[in-house]
Amino acid sequence: MMEIPSVNLKAQNCALKTEILLLWEEILDSAVFVNGKYVKAFEEEFADACSVKRSVMVNSGTDALRFIFIALDLNPGDEVITTPYTFIATTEAITQAGGKIVFVDIDPDTYNIDPSRLESAITSRTKGIVPVHLYGQTAEMDSILSIADKHALWVVEDACQAHLAEYKGRKAGTMGVAGAFSFYPSKNLGGCGEGGTVATNDDKLADKIQIIRDHGQVEKYYHEMEGYNGRCDALQAAVLRVKLKYLPAWNEARRRNAQDYFQLLQDIDSIVLPHIDRSCLHVFHLFVVQVENRDIVHESLGKVGISTGLHYPIPLHLQKAYAYMGLEPGSFPVAEKCAKRLLSLPMFPELTREQICLVSNNLKRSLNINNV
Ligand SMILES: Cc1ncc(COP(=O)(O)O)c(C=O)c1O
């Protein structure tokens, strides 16, 4: 049986092992493990890659979001609008920074926050909007930015799944006041551990986040405020510097793989393929299809060695963590429907045409589609 993983980190690490080990040896010898020249160099290179002024490296994508919201001075009761169809890190960060989460349902085609529903969720307490560029495709930023502008709100982009994705030629994470990126190992740009960064064109905000990530220190043992230990380590920065050089080619490979899936799975009524918004350059962090009986399909593919993912099986408003909001099933019908139907097929740059054929054929077989 041919095993096909949903992501394959070993292939990437194996190819880059010599390059990474050389840098790690240098770091071991220097004994500079926190911040230092690798962190600084990566910050500059990532900012350049995103055509943004500043990048501030932190310990995770979650910290990137949390520190942005803290730096924006949320007060208790301040409302922040986001999608219920994201990873919980997006909303944890809002709450932990003192904000109140307000959900708005998603667009049924792109699975990103639906701009047409935003204005009815805005109140006098609303401070900002957090679009999440889910699966590697940006949200409809023109509408979101113009609504934010009209109501004097900030926009913070959760770009944790969208490294170098574009919207009308602008890079994900650079269109609002700030963007958050994750370098969790399985991301399009992933380290060998935890990591994240804030991207922003606002120097003041970047300076403040630099202080927040380091116990509020402006210089050693001079604390302007209480902060956090959210610094990034040099070993991760070194890996990310190596990998960043390959990221455009890896994203291109993901797009080619997506094209193969499109070609092999087109015109099948029982499979809804990803909707490509022509304003966006998708980076296919995930390749997600809609099917009936998703759980059965997920299980039957698993039995033949094909690993698929569920992103996400329960929308946030129905999680126990948010039971206090009192949001019943039916509150966000689009997100709820997606949670039952979406299935992430294997997607990584090194995926072969043969593997994509196997996944596609087995998917059709599990849906009882003949002629495979
Ligand atoms: C949409 C989204 N937001 C935030 C995060 C949090 O990133 P991290 O795991 O680096 O904290 C992730 C990654 O898991 C994510 O997918």
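Modeller: A crossing of two helices is left-handed if the near helix is turned anticlockwise from the far one by less than a right angle, and right-handed if clockwise. This model is a predicted one.

Biologist: Which hand is the crossing of α1 and α7, then?

Modeller: Right-handed.

Biologist: At what angle do α1 and α7 pack, and how far apart are their axes?

Modeller: Helix α1, residues 9-30, and helix α7, residues 234-244, pack at about 135 degrees, and their axes are 9 Å apart. The two helices are therefore oblique to each other.

Biologist: Which residues make the contact?

Modeller: On α1 they are Q12, N13, L16, E19, I20, L23, W24 and I27. On α7 they are A234, L235, A238, V239, V242 and K243. Sorted by class, that contact has ten nonpolar residues, two polar and two charged.

Biologist: Changing topic. In what order do the three strands of the open sheet run?

Modeller: The order is β12-β14-β15, with antiparallel pairing. The edge strands are β12 (271-272) and β15 (342-345), each pairing on one side only.

Biologist: How many bridges join β14 and β15?

Modeller: Four, in the antiparallel sense; β14 covers residues 287-291.

Biologist: And what is the bridge partner of V288 in β15?

Modeller: S344.

Biologist: Which strands does helix α11 touch?

Modeller: Helix α11, residues 353-366, packs on the sheet and touches β12, β14 and β15. The direction of α11 makes about 150 degrees with that of β15.

Biologist: Where does α9 lie?

Modeller: Helix α9, residues 294-303, lies across β14 and β15. Its run is at about 25 degrees to β15.

Key: Residues numbered from 1 in each chain as written. Predicted model: local features only at pLDDT ≥ 70, side-chain atom pairs only at ≥ 80, totals over all residues. Heavy atoms only, no water. Axes fitted to C-alpha atoms, helices over the stretch in contact; angles between N-to-C directions. Parallel < 35°, antiparallel > 145°, perpendicular 65-115°, else oblique. Contact = heavy atoms within 4.5 Å. Nonpolar A, V, L, I, M, F, W, Y, C, P; charged D, E, K, R; others polar. Pairing = 2+ DSSP bridges.
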